[in-house]
Amino acid sequence: MISTLQSRMLRGADGDPAPRLAYGADYNPEQWPRDVWEEDVRLMQEAGVTVVSVGIFSWARIQPGPDTWDFGWLDEVMDLLHAGGIGVDLATATASPPPWLTTAHPEILPVTANGETLWPGARQHWRPTSPVFREHALRLVREIATRYQDHPALVAWHVSNELGCHNVYDFSDDAARAFRLWLRARYGTLDALNHAWGTAFWSQRYSDWEQILPPRLAASHPNPTQQLDFKRFSSDALKDHLIAEREILKEITPGIPVTTNFMVMGNTKGMNYPDWADEIDFVSNDHYVHPGPQDRDELSFSANLTSGIAAGRPWFLMEHSTSAVNWQPVNVAKRPGDLARDALLHVAHGADAVCYFQWRQSAAGAEKYHSAMVPHAGRDSDVFRAVAELGATLKALAPVAGSERETASVGILYDWESWWASEQDSHPTSLLDYRQEALDWYSALLALGVRADLVTTRADLSRHRVLIAPVLHVVPAGLAKELTCYAEQGGHLVTTYFSGIVDENDHVWLGGYPGALRDLLGIRIEEFGPLLAGESVELDDSAAGTLWTDRITVTDADTQVLAHYRTGVHTGRPAITRRPTGAGSASYVSTRLGVDGLRALLPRLLEPAGVSSELPADVRGAVELTVRRGDGERFLFLVNRTDATVPVSGLAGDVLTGGTPGTDGALVLGPREVAVLRQPAG
Ligand code: GLA
Ligand code: GLA
């Protein structure tokens, strides 16, 4: 199950060949005097750390001037870590260009849509398309790779850092040039571009490629297809940078796995990660909790989606936090138990590593109030004790390493193109939130105790008995066909408002909405009915809808109406429909029901597909179940979603970690506790 590349990363530098889960952090020794480094290694050993990411922001230290190099300190760090049995995920150090470079070459600095330069002084102030930046960055990558190619501590390469975190959209002249080249490759001719962009509108027709610009600050709404293509291009430009660094690393160290840390979390949507995943040897992700009512559902959702991006294979949690961060309006500390539960939720969804930002909390700099494995208080702290305890738990979970996600009956389709396009400007509503709609469906399934996989359009959709595709706005002809076959061959498709509306050029499918899916759903909509903020409508199944309604006409005799509108302008008209298609079906939900409404509706959508919870009835909603599958065995992760004690009975298996024995063979989960059971695979 574990590829050679991954086993190297999981093995760490102590040479123990037994698979295990990796544990560690970003390690920034350049912020500390030399004598702290030895204490660091000692404490890492005490905590059970196996791997650290080094050098992420070290460019200015490694290369103090255009032709001067200082590797002595890093040699020493690498040697110390190796002697301590700790592997190094070595960064290419290109994330933050040094002052000498930006002073000599201010033309590498990114430019906003308004034409403002993003100056040095923070980090990631570089244009993804700057040839000057690329040249300097690749030179650095080559120097580092050459120097450490044979170092025994080296277990993986960490390309840059969170590519696109601050610089995904650059509107500079370099970007304009690269955008034109990208458009030429996509469209071939100006006629094709003019058609795709619909430039007959507002006198936008281009007669020369040089006239084309990124969607800079304009007098009114910029061309929507230009905007969509700029999003595609910007993601590709960063992917190109990733590939350029990877090529050098592969040339020098073909046997060392290469990764880069994604940011599948919250509203980070600039990078089309499903499209990047094939370019690296294993997927890594960073995740930070945004405190709020759905915060841990969101954590589970992000981890689940990362697993989908990794095609169900194990992935690396490269960063999360032991407690508070420093970049939210109010930075809330974690409660007792949160540290372990948050980490293990990622493992439950396929992470084979648990790493933090960062090892030792900084005394200076913008992130000095960001938590770490060793906090300001030092070793004698609850955080460090919890960190060491988690290290022991991860050791006990070694058998899980390398196991994959076991496919769930329900899939939720998450589509970057629809995310990008559905939230663009000049639409029926600016209140639509693509990710929130998907998260609400996921939360409702968690509340019912039904396991679901987040999947992307690259996955084999037929593996799920029920496929939920919220706000699947962009439906090219090929996808419409795939979904139609899916439903005709026995799959149960569920989709929602503003789905099936446009093709890949953001052109509306004509003849009535939801264009591409109209026949499959057996309905026709002449006009959208978005709702004002705070406005809601009632449905006759006692649910309430917000955000959106549709004026639906049923067009197929077989289409059933599952609920009607009881109030509002569409009173008496269908609100939720379902069209049987042979062994399958296609359902449509025309309004935003929210978690409670979806929770009430879902059993009616799941039942015809024969899907229900695998959990004992009394713990559904209180416990999240995930399943990882290894060679001849399965691992059941039981996550207590509540702050109360929950006894779970009726699940067979040996306990690898978590829970305490209760009466009648029950396994009792403490508040927010995670238990892992191992059982033979049937
Ligand atoms: C990101 C970065 C880290 C650090 C953390 C703080 O994940 O990659 O360098 O800034 O955020 O949360
Ligand atoms: C104005 C403009 C039109 C059109 C409408 C849209 O009236 O003159 O071209 O943009 O707004 O409401």
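Helix H13 lies across strands E1 and E9 and runs at about 140° to E1. Here contact means heavy atoms within 4.5 Å, and axes are lines fitted to C-alpha atoms, for helices over the stretch in contact, with angles from 0 to 180 degrees between N-to-C directions. Helices (H or I, at least four residues) and strands (E, at least two) are DSSP runs numbered from the N terminus.

The structure is a predicted model, in which local features need pLDDT of at least 70 and side-chain atom pairs count only at pLDDT 80 or more, while totals for chains, interfaces and linings use all residues. Residues are numbered from 1 along each chain as its sequence is written, chains are lettered from A and ligands numbered from 1 in the order in which they are written, and side-chain values use heavy atoms, with hydrogens and water left out.

**Exercise 1. State the strand order of the nine-stranded sheet and identify its edges.**

Solution.
1. The sheet is open, and its order is E5-E4-E3-E2-E1-E9-E8-E7-E6, with parallel pairing. Two strands pair if DSSP finds at least two bridges between them.
2. Strands E5 (258-259) and E6 (261-262) each have a single partner strand, so one side of each is left without a neighbour in the sheet.
3. Within the sheet, E1 (residues 22-27) and E2 (residues 51-54) are joined in the parallel sense over four bridges. In this pair, tyrosine 27 stands opposite valine 54 of E2.

**Exercise 2. Describe the three-stranded sheet and its pairing.**

Solution.
1. The order of this open sheet is E24-E27-E26, and its pairing is antiparallel.
2. At the edges are E24 (646-648) and E26 (660-661), each of which pairs on one side only.
3. Two bridges connect E26 with E27 (residues 667-669) in the antiparallel sense. Proline 661 faces leucine 667 of E27 across this pair.

Strands of a sheet pair through backbone hydrogen bonds, either parallel or antiparallel.

**Exercise 3. Examine strand E14: which strands does E14 join, and is E14 covered or uncovered?**

Solution.
1. E14 (residues 492-496) is mostly covered, with five of its five residues buried. Buried means under 20% relative accessible area, exposed over 50%, and partly exposed in between (1.4 Å probe, protein chains only).
2. On one side lie His492, Val494 and Thr496, and on the other Leu493 and Thr495; these are all buried.
3. E14 runs parallel to E13 (residues 466-469), joined by four bridges, and valine 466 stands opposite histidine 492.
4. E14 also runs parallel to E21 (residues 584-589), joined by five bridges, and threonine 496 stands opposite valine 589.
5. Together with helix H16 (residues 477-488), E13 and E14 make a right-handed β-α-β unit. Right-handed here means that, with the strands pointing away from the viewer, the path from the first strand over the helix to the second runs clockwise.

**Exercise 4. Classify the packing of two helix pairs, H6 with H9 and H2 with H4.**

Solution.
1. The axes of H6 (residues 131-148) and H9 (residues 224-252) come within 9 Å and cross at roughly 30°. These two helices are therefore roughly parallel to each other. Angles under 35 degrees count as roughly parallel, over 145 as roughly antiparallel, 65 to 115 as roughly perpendicular and the rest as oblique.
2. The crossing of H6 and H9 is right-handed. A crossing is left-handed if the near helix is turned anticlockwise from the far one by less than a right angle, and right-handed if clockwise.
3. Residues making the contact include Phe133, Leu138 and Val141 of H6 and Ala237, His241 and Ile248 of H9.
4. H2 (residues 34-47) and H4 (residues 72-83) pack at about 25°, with axes 10 Å apart. That angle makes H2 roughly parallel to H4.
5. The crossing of H2 and H4 is right-handed. Arg34, Trp37, Glu38, Val41 and Met44 of H2 meet Trp73, Glu76, Val77, Leu80 and Leu81 of H4.

**Exercise 5. Locate the cis peptide bonds and positive phi angles listed below.**

Solution.
1. Most residues other than glycine have a negative phi, and most peptide bonds are trans.
2. The bond from phenylalanine 357 to glutamine 358 is cis, with omega near 0°. Glutamine 358 is in the loop between E9 (351-356) and H13 (382-396).
3. The bond from tyrosine 513 to proline 514 is cis, with omega near -10°. Proline 514 is in the loop between E14 and H17 (518-521).
4. Tryptophan 202 is not a glycine, yet has a positive phi of about 55°. Tryptophan 202 lies in the loop between H8 (190-196) and H9.
5. Serine 203, also not a glycine, has a positive phi of about 55° and is placed in the loop between H8 and H9. Serine 203 counts as exposed, at 72% relative accessibility.
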